[in-house]
Amino acid sequence: MISVSEARAALLQLISVTEIEQVPLAEANGRILAQPVSAVRDQPPFSASAMDGYAVKRDEVELHAMFQVIGEAAAGHRFEGRLKAGQAVRIFTGAPVPDGADFVVIQEDVDRRKDLITILDQPGASDNIRPRGGDFTIGQTVNAPRPLRPSDVALLAAMNIPKVPVYRRPVVALISTGDELVMPGGTPGPDQIIASNTFGLKAMLEEFGAEVRILPIAKDSDTSLKMAFSLARDVDLVVTIGGASVGDHDLVAKVSADLGMERSFYKVAMRPGKPLMAGRMGKATMVGLPGNPVSAMVCGHIFLRPMIQSMLGFEAQEESLQTATLTHDLAANGPREHYMRATVAAGEITVSPRQDSALLTILADANALLVLPPHAPAQRCGDTLHYLPI
Ligand code: AMP
Ligand code: MG
């Protein structure tokens, strides 16, 4: 058995970064920027008014000063002339500031009679002008890799970048194995249960940035499993669920070996999730997850997440653990790293008394996995421990 961090390192050896593709800006949200992109213009491209008011010369601004209004500048329509002493141009937010003007008196501070304005309130210190390039200038870059959020998409749009280089989403095929499994919405026989892991993992992997295909459930037979694998050609990652243990009906190791899987490792010193295997299978990477629902989901967090992130061009990082204070005593750990379902609130962590890896209700109520290293001694109420937020 290898340790969790050895397994993670071995998994990262099995994958490579996906290619770069160009996507339209409107589809870029949530994707990973793959190359730096640069602004092809200044923003704003001219000095622009930040308010509705009157453009004047700053030197002439004082209480009771009067100006003659000689024209108008609106957003999209500049005033073509040049402002001279004693003159003002009616101006609106987003309009270019006319030549000769360097101050905008807001309209609330002004009294207007025909074409004459008088400053009635002391204007503030702000010139109410957004300088050219005040947001960004030509050549300013957004660095990669970077997950694109809605605000990034707005920035790239303003930079006039209509297509964005992003990493192709890794394609993952999920194969549930087991004669007992029926798809949600199906009609289970008396000895059957609903396949849940596939759906939990699909949701999780999509959050990590993958494109996920759920393949038909494989029965516990060589032929059925081979058939499922044959549908998973051309994907980046094949993930099987269940059948990875050493029972008579656990066929994943045997069948994947028959199909030429070069196994990297089998079994990890962790709870839950021990019977985990991985290797190369043709062009794809294959990971065999244990079938117990909580085990499969925990392995998704611990192993599949760094794999997907690495395929998306991110430096593989150790999971970022946080700390909280234990609200009760906790027994010593055995030889395997234990990821215990727990709840964190206001800096305090409470471990669920029920840790059976089949209990999805407990997992759904948990917001943390308390991480106990192998052979960790007994912990006391008030001790500070590490956890992974989930
Ligand atoms: P296995 O690893 O195949 O021995 O499965 C371990 C346990 O997980 C068994 O109780 C299976 O019924 C259950 N199991 C396996 N695959 C799934 C799945 N896709 N969804 C829900 N439970 C599963
Ligand atoms: Mg099974």
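A salt bridge is a side-chain nitrogen of Lys or Arg within 4 Å of a carboxyl oxygen of Asp or Glu. Keep that in mind as you click around this predicted model, where local features need pLDDT of at least 70, side-chain atom pairs count only at pLDDT 80 or more, and totals for chains, interfaces and linings use all residues. Residues are numbered from 1 along each chain as its sequence is written, chains are lettered from A and ligands numbered from 1 in the order in which they are written, and side-chain values use heavy atoms, with hydrogens and water left out.

**Stop 1: salt bridges**

Select Asp-111 and Arg-113. They form a salt bridge, with the closest N and O atoms 3.5 Å apart. Are these two buried or exposed? Buried means under 20% relative accessible area, exposed over 50%, and partly exposed in between (1.4 Å probe, protein chains only). Asp-111 is partly exposed at 24%, while Arg-113 is exposed at 61%.

Next, pick Asp-152 and Arg-149. This salt bridge has its closest N and O atoms 3.8 Å apart, and Asp-152 counts as buried because its relative accessibility is 4%. Then hop to Asp-258 and Lys-226, whose side chains meet in another salt bridge at 3.7 Å, N to O.

**Stop 2: ligand 1**

Now show ligand 1. How many residues surround ligand 1? There are 15, each with a heavy atom within 4 Å of the ligand; the closest are Ser-176, Glu-180, Ser-196, Gly-243 and Gly-291.

Zoom in on the polar contacts (pairs of N or O atoms within 3.5 Å). In the side chain of Ser-176, an N or O atom is 2.8 Å from a nitrogen atom of ligand 1. Glu-180 puts a polar side-chain atom 2.5 Å from an oxygen atom of the ligand. Gly-243 uses its backbone instead: an N or O atom there lies 2.7 Å from an oxygen atom of ligand 1. Taken alone, ligand 1 exposes 480 Å², and the protein buries 77% of that (Shrake-Rupley method, 1.4 Å probe).

**Stop 3: a charge over a ring**

Select Arg-78 and Phe-46. Arg-78 lies over the face of Phe-46, 5.9 Å from the ring centre. For Arg, that label needs CZ within 6 Å of the ring centre and within 35 degrees of the ring normal.

**Stop 4: two cysteines**

Finish with Cys-299 and Cys-381. Cys-299 is buried, with a relative accessible area of 0%, whereas Cys-381 is partly exposed at 47%. How many disulfides (cysteine sulfur atoms within 2.5 Å) are there? The count is 0.

How values were computed
A disulfide is a pair of cysteine sulfur atoms within 2.5 Å. A polar contact is a pair of N or O atoms within 3.5 Å; within protein, one must be able to donate a hydrogen and the other to accept it, and residues adjacent in sequence count only if both atoms are side-chain atoms.
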